[in-house]
Amino acid sequence: MSDQLPDIVVCPEGPILVRGDHLVQDEAGSVHRTTRPVSAVCRCGKSGIAPWCDGTHKLGPKRRKRAR
Amino acid sequence: MLVPKARGGLSARVFAELRSGVLEPSLCSAEPDSDADAHLVLWTLYEQHYRGFEDVDPRLEWHPTLIGLRGALEEWFTDLLVGRYRPPARTDPFAESFFAYVEDHDGPSVATFVQREADREQVLELLRVRSLYQLHEADPTTWAIPRLPVRPQVALMALQFDEYGSGSPHRQHAHLFARGMDACHLDPAYGAYVDDAPAEALAQNNAMSMFGLHRRWRGAAVGHLAAFEAVSSLPSRQMAQGLRRLGMPEEIAAYYLEHVEADAVHEQLAVRDICQPLVEQEPDLTEDVFLGAFTCLDLEARTARTLLGGWAA
């Protein structure tokens, strides 16, 4: 196990986690500064608070393969 | 804060002895009249480890009689929680299994009711009940920090730093809730509404304190946290929509809107960076992580049923 954590983490069926202080440009070209130790950038395109994730990806049709 | 109003024989006796400072050793084996009586006593004993009471000598925090009584009540509460627990169908791969476990847990939603139908008085009652936790939001999880290995500890510190405002008082979550309460003309003083909290809400607070204060429950503490965060973002948006529908102050909507954004991060951190590395390093804690998650969801469902039942919703 590496001691180094990645700065950018793509979460399966979730957002992209961004660690540290960054400027994020949204689809409209506006630039937003991160304000948290870790921020979640929307990846599904449905967030109401883009560029940040608001959990909306969970409301989509079930893509998860369920093993029961 | 003053010691709350008693809700039965045990709480009446404990509160009288707390105020007098004279604790009879027989208190350790005294029995509660009801679950409400038991949970209120447990809540009060835990509260001594947070902010305490103006009418109780702070030196009683670790009094052996009170710790003995707390232990007896915790044994009862633990048996109750373990007895209710329903394990997941699978725990591997961890993150996928955990999110599925949380998503599959059915329970009534107070947030959906607030979004669509609640009136102003019902929302104010909800805020009073929630204030018991939300005015010291994140505190119970802080107890778990020194009990974790390095990877989950570092991630929990990042999450807690955000809960505590990332260095800015005006962003601290408990403080945001206090400002929201004040704007709604509710008393933002810590613990002001404990007498209004149903036993189910006391139980929610007690579970978090018990998991946090016992090293052996560190897995349940972070599992509870992860489930709490995983069911927060979308309901927080519903809460904000309901508050705006009712024309309630923007300060209280702002508290919930902050949680839409923050908890979309925190759920990922809690599941992938706290719980997952913990169970990889200490696989024996996997069951406890899920027990913590179940307890979070189950106790919230019980509180929701009580509140919605009271509103005949």
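Biologist: Where does B:Val110 lie?

Modeller: B:Val110 sits in helix 5 (residues 110-116) of chain B. By helix I mean a DSSP run of H or I with at least four residues, by strand an E run of at least two, both numbered from the N terminus. Bear in mind that this is a predicted model, where local features need pLDDT of at least 70 and side-chain atom pairs count only at pLDDT 80 or more, while totals for chains, interfaces and linings use all residues. Residues are numbered from 1 along each chain as its sequence is written, and chains are lettered from A and ligands numbered from 1 in the order in which they are written.

Biologist: Why is B:Val110 called buried?

Modeller: The rule is a count of other C-beta atoms, placed from the backbone, within 10 Å of the residue's own: 20 or more is buried, 12 or fewer is exposed, in between is partly exposed. B:Val110 has 27, so it goes down as buried.

Biologist: And what makes B:Arg90 partly exposed?

Modeller: Run the count again: B:Arg90 has 14 other C-beta atoms within 10 Å, so it falls in the in-between class. B:Arg90 belongs to the loop between helix 3 and helix 4 (94-104) of chain B.

Biologist: Back to B:Val110. Which residues is B:Val110 in contact with, leaving aside neighbours within four places in sequence?

Modeller: B:Leu126, B:Ala304, B:Leu307 and B:Leu308. Contact here means that the C-beta atoms of two residues, placed from the backbone, lie within 7 Å. B:Ala270, 160 residues from B:Val110 in sequence, is 23 Å from B:Val110 in space, C-alpha to C-alpha.

Biologist: What makes the largest nonpolar core a core, and how many residues has it?

Modeller: A nonpolar core is a set of buried Ala, Val, Leu, Ile, Met, Phe, Trp, Tyr and Cys residues joined through C-beta atoms within 7 Å. The largest such set has 101 residues, and B:Val222, B:Ala226, B:Cys275 and B:Ala293 have the most contacts inside it. Helix 13 (residues 250-281) of chain B gives the most to this core, 16 residues. Take B:Ala226: beyond four places in sequence, the residues touching B:Ala226 include B:Phe98, B:Ala270, B:Ile274 and B:Cys275.

Biologist: How do you know where this core lies relative to the domains of chain B?

Modeller: Domain 1 (9-83) and domain 2 (89-310) of chain B both give residues to the core, so it lies between them. Those bounds come from an automatic or database domain assignment. The C-alpha centres of domain 1 and domain 2 of chain B are 25 Å apart, and 13 residues of domain 1 of chain B are in contact with 13 of domain 2 of chain B. Helix 2 (35-47) and helix 3 (64-84) of chain B each supply at least two residues to the domain 1 side, with helix 2 of chain B giving the most, seven.

Biologist: What classes do the residues on that side of domain 1 of chain B divide into?

Modeller: Eight nonpolar, two polar and three charged. Ala, Val, Leu, Ile, Met, Phe, Trp, Tyr, Cys and Pro count as nonpolar, Asp, Glu, Lys and Arg as charged, and the others, Gly among them, as polar.

Biologist: Now chain A. How many helices and strands are there in chain A?

Modeller: Zero helices and five strands. Three of these strands form an open sheet in the order 1-2-5, with antiparallel pairing.

Biologist: Why are strand 1 and strand 5 of chain A called edge strands?

Modeller: Two strands pair if DSSP finds at least two bridges between them. Strand 1 (8-10) and strand 5 of chain A each pair on one side only, so by that pairing rule they are the edges.

Biologist: What makes strand 1 and strand 2 of chain A a pair?

Modeller: They share three bridges in the antiparallel sense, so they pass the pairing cut-off. A:Ile8 partners A:Val18, and A:Val10 partners A:Ile16. Strand 2 and strand 5 of chain A are joined by four bridges, with A:Arg19 partnering A:Val38.

Biologist: How many residues does each chain bring to the contact between chain A and chain B?

Modeller: Chain A brings 20 and chain B brings 18. Strand 5 (residues 38-41) of chain A has the largest share of the chain A side, three residues. Helix 13 of chain B lies across strand 2 and strand 5 of chain A, at about 110 degrees to strand 5 of chain A. That angle is taken between N-to-C directions on a scale from 0 to 180 degrees, with axes fitted to C-alpha atoms, for helices over the stretch in contact.
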